Amino acid sequence: MRKILLFLIVITTSVVFILRLFYLQVYASEPYSIYEDNAIRKVLTYPKRGYIYDRNNNLLVSNQPSYDVMIIPGLVKELDTLEFCDLLKISKTYFDNKIERTSRYSRRIPSVFLAHLSKEDYGFLAEKIRKFDGFYIQKRNLRQYNTKIGANVLGYVAEVNRSNLEKDNYYSQGDIIGKQGVELSYEKYLRGEKGIKFIQKDRFNRDIGSYNNGLNDKNSIAGNDLIITIDSELQEYGELLMSNKKGAIVAIEPSTGELLSLVSAPPYNPNLLVGRERSKNYFELYKDSIYKPLIDKGLLSTFPAGSPFKVIVGLIALQENVINDKNTILCGGEYIYGRNKKSMKCHCGGGYRNIYNAISESCNSYFADAYRKTISKDNNISKNFDMWSEGVKSFGLGNYLNNDLPIGKKGMIPTSEFYDRWYPDFRWGPTTNLSNSIGQGEILVTPIQLANMITAVANKGYYYTPHIIKQIQGDSIPLRFRQKNTIEIEKKYFDIIEVGLSKVYKNGTGKLLNIPGIEICGKSGTAENFTKINGKKTQLTDHSIFVAYAPKNDPQIAIAVLVENGYYGSTWAGRISSLMIEKYLKGSISNRGIEKLVINKSLDDEYKKPFSKKPFNINKL
Amino acid sequence: MIGQRKNILRLDWVIILIYFLLLGFGIGNILSSSISGEEINIFDFSNLYGKQFLYSLISLFFGFIAISIEVKFYERFSSIFYILSIVILVCLFFFGKRVNGALSWFSIASFNLQPSEFVKITVALAVSKYISDFQTDLKNAIDQFKLFLIILIPIIIIIFQNDTGSSIVFLSLFFVLYREGISQNYVKSIFGIIIFSILSLKISAPTTALLAILLIIFYYSFKKKVRNKIIKIISVSSLCVITCFGTIFIYENILKNHQQNYIKVWLNLEKDPEKIKQMERTILYNLNESKKAISSGGILGKGYLKGTRTMGNFVPAQHSDYIFSTIGEEWGFLGSVFIILLYTILITRIIYLSENQKNKFSRVYGYCTASILFVHFLINIGMVLGLTPTIGIPLPFLSYGGSSLIAFTLLLSIFLRLDGNKKNEW
């Protein structure tokens, strides 16, 4: 015993030590992650966000530096609040508030204390901030808009919110993310990849250099630049033409589906949503409940398609062989139908109508008849109606276009099921929903759908999904924008319709809208629309609608224009269409008088009517 | 010359190998725990690792000399060394320099020398010499007393110099006394004192005392053939009672506040959460940081020079007393176990070789060496792992410090020399 006591004690001690080490390092130890290690300060380096160019390589969006004061609440020591607030030009309330809120979020993770310092403030503060433990200045890139137009297309960036943080762990508190438009759609390309630097801290929380000689650090990777399909000159011109009006202009290049312009009126300056004034400006725009500038009307306004819809009704009737280019009907200023001799008014002026002058004069009777024949063919109403509905939808109506703009509306193209549900005890027929034939009734479309529809007509049977992206640096644009969507209607019927659409400008509703040297095809429209005032459905002045494409033989531009409450289609929407087409194809305007007239036209009175709390008249020129 | 070469060839290679491994590991980890981004240059003696490298060279030089000296020299001059070292210790009172409250340093030029480190050697030599003297009989009370005196004199001096940590090391020599035949009762008493002291602090003195008396009565009532049973029961019991109440008395009246705190932390005596919080910022801070560092190392460690806590100097004194925490962090469980095994092999190897000595002086000295190394190993790593009270003594061969490195090298070299001689004993 005497000989081995020390030996035994030594062995026992070692075993106890090894067990203890096992407990500390293996059993109780969590897998090591440098990101969790509070001995290492993680400094994110932000990449350059991708630039955005228009189709003619004009730089629209770039970056500008911005400096944020960051706070790590856990490290904040007692400080001279008064001096600090003076330095940052903030109030004591803001200070207390911010301290309270950031501490509640996390005591260890940095939060933004004061965003967007000016350059002068930064220069001044950079020296002094070191005095205050727990605060530091972080450089960040803000967006710089080199244009005043296209805010609805470009979208904007803003600080990530909680749901962004939860959905994608790429983001950390205070990062910026695209919130709307191209910034949102192509966020993954634009944002690039953040870099990270690992800084060794000592126990007094001072930085003492880079960890492991910077071998673990990652450089940031700049975001991809984008070229978008917008022609900024055309876009700007469109925004100008829409002055003091609500509505939208959507112009598409038919051969590619590229959106040449996407005007939402009234527009706003994208620079408003940058910098420290951002929230204030945003709120200003947000609370404008008459003009609703933040709503992209090109994508979100839904309204009855009106007369342009006759183009589709005609095409389907031709394809179904219920009419042909030789049929004529006699229009007596109204279309009488049904057992109760209901009548649908027609403003075409009356007379014999064939498909050509029915389009150019926008004859309701002709298309009501064609529609009725299509639906009641072989007395198979439900099947015919669904076939008709599918045919309409193949023009991109009644559903999301699946384009690359983050917002949109489905619009509405009814199916037989819809009417079965609507009239459960009643055998409905084409006369039940005859207003569908003239684009009223249940038909609802958005301007971009309408533009896409006329694009398909211009292409005589196909379209590319309208899109905003033209080129992504280092990548190709999504496949779905490079694939044709075809419509199962024979080209010859499109040729027939085109003659009608061209006649519109010769002796039809658009005869005053001609542009010298350009053969335009188009169709006017006037859509009834309603609003609720104090819960009562009230009709407002009709929307002025126009769709067109030009030149006839080789369409370069297809356009849909909506002027809300603008009354006759040709009055405002038609003029705007022609001016846009001329601007795009010729680069200059021949009739300055019309241009001036359009720009100066204000529909402000019209828009204020529903809010006036007084009775008002509608549809007055 | 020929004889000398023979002697060198017979040096125990296991010990030498482990010595060099520990030395290398030590310099490496001191480097890791003291660099701050600058270029590494081992010959830059302004850095801690550079200094330690220099100390290693000095140690090797002294070690070489110690091995070269004739065996008889150590035995013959041990008393003189002992007296000399006591004199030097006493000199500290007059010429010493106070570092961290302990008056245990001589400041020579820019270097500090800690004589208490060297006293370990001289005491070991003196104890070996005294025990191996054929006139000494460890059963004899007077001889026992003299032996205790040899050990207690430096302890008392060092305690008065406020370096309690170093003084505790000398208590390890009781292992030697036990090995050499001192009465079992001493061992029993020491274990009894330790256990009853802890219990008194942890539970309470009266309860412990009562428990002890019951235990003693129980023990003696079953033991036959004991003369003067009653007297023995009373005397042993009163000793226990004195121990129990004495512990509390010493704890409350003699120990200083910080010493009390160390014991509080070790035995988990503090229940007031406010005070625990306060301790976490002060005396518990080191311990917590070192545990965190070790724990974060995981199985494989973060890699050499990649320990985030080591690089950030999170553990104070991580190059000296807390060096094991950097090993734990950078080399992980495997590296730590490797170091523990190195020490275990080293100490058991010394014990084994000591047992094989024909010469009693060599055997006792070997035992002294093993005991001293063991106590350092036990207290230092135990402290870093949070198992033993916080007592600041270095980890042999690994911790930064010239005095301790040279002293440990000498201690080991002398043993190697004695061991190398075992075949041609006289």
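Predicted model: local features only at pLDDT ≥ 70, side-chain atom pairs only at ≥ 80, totals over all residues.
**The α19–α20 helix pair of chain A**

- Two packed helices are described by the angle between their axes and the distance between the axes.
- Here, helix α19 covers residues 570–586 of chain A and helix α20 covers residues 592–600; their axes come within 10 Å and cross at roughly 130°.
- The handedness of the crossing of α19(A) and α20(A) is left-handed.

**Where chain A touches chain B**

- On the chain A side, 31 residues are in contact with 38 residues of chain B.
- Three elements of chain A each give two or more residues to this side: α1 (5–27), β8 (195–201) and β9 (207–210).
- Which element gives the largest share of the side of chain A that touches chain B? That is α1(A), with 15 residues.
- Sorted by class, this side of chain A holds 17 nonpolar, seven polar and seven charged residues.

**Strand pairing around β8 of chain A**

- Strands of a sheet pair through backbone hydrogen bonds, either parallel or antiparallel.
- β8(A), one of the elements that touch chain B, pairs with strand β1 (residues 40–45) of chain A in the antiparallel sense over six bridges.
- Within that pairing, A:Lys42 has A:Phe198 of β8(A) as its bridge partner.
- β8(A) also pairs with β9(A), again in the antiparallel sense, over three bridges.
- Opposite A:Gly209 in β9(A) stands A:Gln200.
- β8(A) and β9(A) form a hairpin with five residues between them, and A:Asn205 in the turn has a positive phi of about 65°.

**Backbone details worth a look in chain A**

- Most residues other than glycine have a negative phi, and most peptide bonds are trans.
- A cis peptide bond joins A:Ala265 and A:Pro266, with omega about -5°.
- A:Pro266 sits in the loop between β12 (258–265) and α10 (278–286) of chain A.
- Another cis peptide bond links A:Ala550 and A:Pro551, where omega is about -15°.
- You will find A:Pro551 in the loop between β21 (536–550) and β22 (557–563) of chain A.
- A:Asn534 is a residue other than glycine with a positive phi, near 50°.
- This asparagine, A:Asn534, lies in the loop between β20 (521–533) and β21 of chain A.
- Is A:Asn534 buried or exposed? A:Asn534 is exposed, because it has 6 other C-beta atoms within 10 Å.

- A:Lys492 belongs to helix α18 (residues 491–507) of chain A.
- A:Lys492 counts as exposed because it has 12 C-beta neighbours inside 10 Å, and 12 or fewer is the cut-off for that label.
- The C-alpha atoms of A:Lys492 and A:Gln319 are separated by 9.4 Å, although the two residues are 173 residues apart along the chain.

**Chain B at a glance**

- The secondary structure of chain B comes to 18 helices and three strands.
- Chain B has 426 residues, of which 42% count as buried.
- Among contacts in chain B with a separation of 6 or more, 69% are between residues 24 or more positions apart.
- Three strands of chain B form an open sheet in the order β1-β2-β3, with antiparallel pairing.
- β1 (97–99) and β3 (111–113) of chain B stand at the edges, each with a single partner strand, so one side of each has no neighbour in the sheet.
- On average, neighbouring strands of this sheet are turned by 50° against each other, direction ignored.
- β1(B) pairs with strand β2 (residues 102–108) of chain B in the antiparallel sense over three bridges, and B:Val99 has B:Ala102 in β2(B) as its bridge partner.
- B:Asn162 has a positive phi of about 65° although it is not a glycine, and it is placed in the loop between α6 (141–160) and α7 (164–171) of chain B.
- B:Asn162 counts as partly exposed because it has 15 C-beta neighbours inside 10 Å.

Notes: Residues numbered from 1 in each chain as written. Chains lettered and ligands numbered in written order. Axes fitted to C-alpha atoms, helices over the stretch in contact; angles between N-to-C directions. Helix = DSSP H or I, 4+ residues; strand = E, 2+ residues; numbered from the N terminus. Left-handed = near helix turned anticlockwise from the far one by under 90°. Contact = placed C-beta atoms within 7 Å. Nonpolar A, V, L, I, M, F, W, Y, C, P; charged D, E, K, R; others polar. Buried ≥ 20, exposed ≤ 12 C-beta atoms within 10 Å, placed from the backbone. Pairing = 2+ DSSP bridges.
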